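Subject: Structure for your review

Dear colleague,

Please find the structure below, together with the sequence. The findings follow directly after it.

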Amino acid sequence: MARVQILIPDDDRDRLVHQARKEGMTLSAWLRTAAHQRLAAQQRSQPFESSKDLEAFFRQCDAFEGPETEPDWSEHLSVIDDSRRRGASTT
């Protein structure tokens with residue numbers, strides 16, 4: 001088995017160790033699991049093989065039901081500000 005050394009800020013290390021312990025794992029086991037999950041997620045996505053595939057993907061996206069237009073940035077900021085004032089998220 002190979003040994004890998006990484007350098008991370010102390011705060012990150014503390015947060016990772018805390019999460020690993022919360023999940024009943026060592027930091028080493030938790031990092032291996034996280035890496036395996038990331039690799040699996042990357043392997044599930046298939047690259048587009050042609051521009052026709054890409055166009056078909058965007059047609060499928062356009063076919064999904066949803067709002068006709070995205071809210072503009074000022075609307076997003078208004079929702080964020082309202083949430084901060086209430087101390088809770090509406091999403």
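Throughout this message, buried means under 20% relative accessible area, exposed means over 50%, and partly exposed lies in between, with a 1.4 Å probe and protein chains only. The accessible areas themselves come from the Shrake-Rupley method with a 1.4 Å probe, and for residues only the protein chains shown count as cover.

This is a predicted model, in which local features need pLDDT of at least 70 and side-chain atom pairs count only at pLDDT 80 or more, while totals for chains, interfaces and linings use all residues. Residues are numbered from 1 along each chain as its sequence is written, and side-chain values use heavy atoms, with hydrogens and water left out.

Surface patch

V4 is exposed, at a relative accessible area of 69%. This residue lies in the segment before α1 (10-22); helices (H or I, at least four residues) and strands (E, at least two) are DSSP runs, numbered from the N terminus. Together with I6, I8 and L31, V4 forms a nonpolar patch on the surface, and the four have about 350 Å² of accessible area together. Patches are made of residues with over 30% relative accessible area and no salt bridge, where like charges are joined within 9 Å and nonpolar side chains (Val, Leu, Ile, Met, Phe, Trp, Tyr) within 5 Å.

Largest pocket

On a 1 Å grid over the protein atoms alone, a pocket is an open set of points where a 1.4 Å probe fits, with protein on both sides within 12 Å along at least five of seven lines; lining residues have an atom within 4 Å of a point. The volume of the largest pocket is about 430 Å³, a volume being the space filled by probe spheres set on the points, which are joined across faces, edges and corners. Helix α2 (residues 27-44) gives the most to this lining, with four residues. By class, the lining divides into seven nonpolar, two polar and three charged residues; here Ala, Val, Leu, Ile, Met, Phe, Trp, Tyr, Cys and Pro count as nonpolar, Asp, Glu, Lys and Arg as charged, and the others, Gly among them, as polar.

Salt bridges

A search of the whole structure finds four salt bridges, each being a side-chain nitrogen of Lys or Arg within 4 Å of a carboxyl oxygen of Asp or Glu. One of them joins D14 to R13, with the closest N and O atoms 3.4 Å apart. D14 is partly exposed at 42%, and R13 is partly exposed at 41%.

Helix α4 (residues 73-86) holds D81 and R84, which are three residues apart and therefore separated by about one helical turn. Their side chains meet in a salt bridge of 4.0 Å, N to O. D81 is partly exposed at 34%, whereas R84 is exposed at 65%. In the salt bridge between R85 and D82, the closest N and O atoms are 2.5 Å apart. R85 counts as exposed at 63%, and D82 as partly exposed at 31%.

Distances along the chain

R44 is found in helix α2, and its C-alpha is 26 Å from that of L27, 17 residues away in sequence. E65 has its place in the loop between α3 (51-63) and α4 and counts as exposed at 82%. The C-alpha atoms of E65 and R85 are separated by 32 Å.

Kind regards
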